[in-house]
Amino acid sequence: MTATYQSVDVPFEYRHTCWFCGEPYFESYAFMPSPNYDHQTLPVLLPSCQECYGLCKGIKASDLELLRDKVKEQLHRKYQKHLQIGVNWTKEELEQSEFEGKALEGFRESAWAMFEIAKARVNYQGWPLTIDGLPVAALSTGFHIQFDGITYTSLSHAVEQLAKAYNIPQQYLEDVVEVVGRDRLSYAVRFAKTTYGYSAAEREASIDSLKALLAEEAAMSLPEQKKSKGVDVKVGDIAELILHRTLIPTHATQWVLRQGIKTLNQLAEQEDAFFEHFGSDSELTAFSYFTAMQVYLEHRELEPDWAEQQDPNRQWFDML
Ligand SMILES: [Zn+2]
């Protein structure tokens, strides 16, 4: 007896489930790649719901990954109105809204459920496909992209759908995404939403100002990276010590750690801030604290071995 098809393994908990969208099983779709680059000889049977079964019949795809993505894209298109409910409303807003009349009340009651069903179906991941325990193909979701909790098959798919959902000209959103990068899709949508109106010339000007803004942002972020971050340590966790007959007070050490200061130079840069902070107690206290910190940091610089191995506060300085 020769087999005429290959059935994928269905884990127990997925019996009666559509592999594409998680809805109840209707029939298995017999998939043959087209074009058939890998010379597959037998169709692969994929458990499907009635709707995905119908969609599959209209799709040509050279592999399973492509088939899956095309089914998802068609579900997105078909349920665009439902998915947009989540764009336009939050659950609470919808519950509190005052729709009157039978039809609108019906909308209020069912809208969120429709949104959640559509979202679950487009986001559904299926299970890893195997036949007799052997992987059918490496199915990747590497190009998938998430926005507002909804999965899209690719960046261009996301842009296409989001342009529709937010009523932004698609080309404009594409341009904005290209400038800000795929990692900042929500920034791109926000920017495009508030600037898409008016003429092509004005949109072009918006893109130019966006580029300038990002360049400025990049320049600003450089010095920020150089500045070391401080650590917040409780006074009780800081050791008091005596160096060169000078008491190193814990409160001053705490302040220095909080500012991320670990060198004499950094301390000098923060001198005004130091005196402002401790000067409110008394000028003399501020002065003796500052001197103590100079002694402490200088000692750490001149005796690196001591700083690394013996300074009782070394664990805190190591965090800077
Ligand atoms: Zn389905």
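1. Cysteine 49 is buried, with a relative accessible area of 4%. Cysteine 18 is likewise classed as buried, at 0% relative accessibility. Both assignments follow because buried means under 20% relative accessible area. These values come from a predicted model.

2. Both cysteines belong to a zinc site. The zinc ion has as its protein donors the SG atoms of Cys18, Cys21, Cys49 and Cys52, lying 2.3 Å from the metal. Along the chain, these donors follow the spacing C-x2-C-x27-C-x2-C. Cysteine 18 and cysteine 49, 31 residues apart, link distant parts of the chain. Cysteine 18 lies in the loop between strand E1 (6–7) and strand E2 (27–31), whereas cysteine 49 lies in the loop between strand E3 (44–48) and helix H1 (50–57).

3. As to geometry, the site of the zinc ion is tetrahedral, with angles of 102 to 115° among its four donor atoms. The assignment holds because four donors count as tetrahedral if all angles lie between 85 and 135 degrees. For reference, the ideal angle for four tetrahedral donors is 109.5 degrees.

4. A separate point concerns the largest pocket, which holds about 280 Å³ of space. Its lining comprises 19 residues, and those nearest the centre of the pocket are Asp38, Gln40, Leu64, Val136 and Ala137. Helix H2 (64–78) and strand E5 (134–135) are the elements that give two or more residues to this lining.

5. Which classes of residue make up the lining of the largest pocket? The lining has twelve nonpolar residues, together with four polar and three charged ones.

Key:
Residues numbered from 1 in each chain as written. Predicted model: local features only at pLDDT ≥ 70, side-chain atom pairs only at ≥ 80, totals over all residues. Heavy atoms only, no water. Donors = N, O, S within 2.8 Å, 3.2 Å for Na, K, Ca; no water. Tetrahedral: all angles 85-135°; square planar, octahedral: opposite > 155°, others 65-115°. Helix = DSSP H or I, 4+ residues; strand = E, 2+ residues; numbered from the N terminus. Buried < 20%, exposed > 50% of the residue type's maximum accessible area, 1.4 Å probe, protein only. 1 Å grid on protein atoms, 1.4 Å probe; cavity = no way out; pocket = protein on both sides within 12 Å on 5 of 7 lines; lining within 4 Å. Points joined across faces, edges and corners; volume = space filled by probe spheres on them. Nonpolar A, V, L, I, M, F, W, Y, C, P; charged D, E, K, R; others polar.
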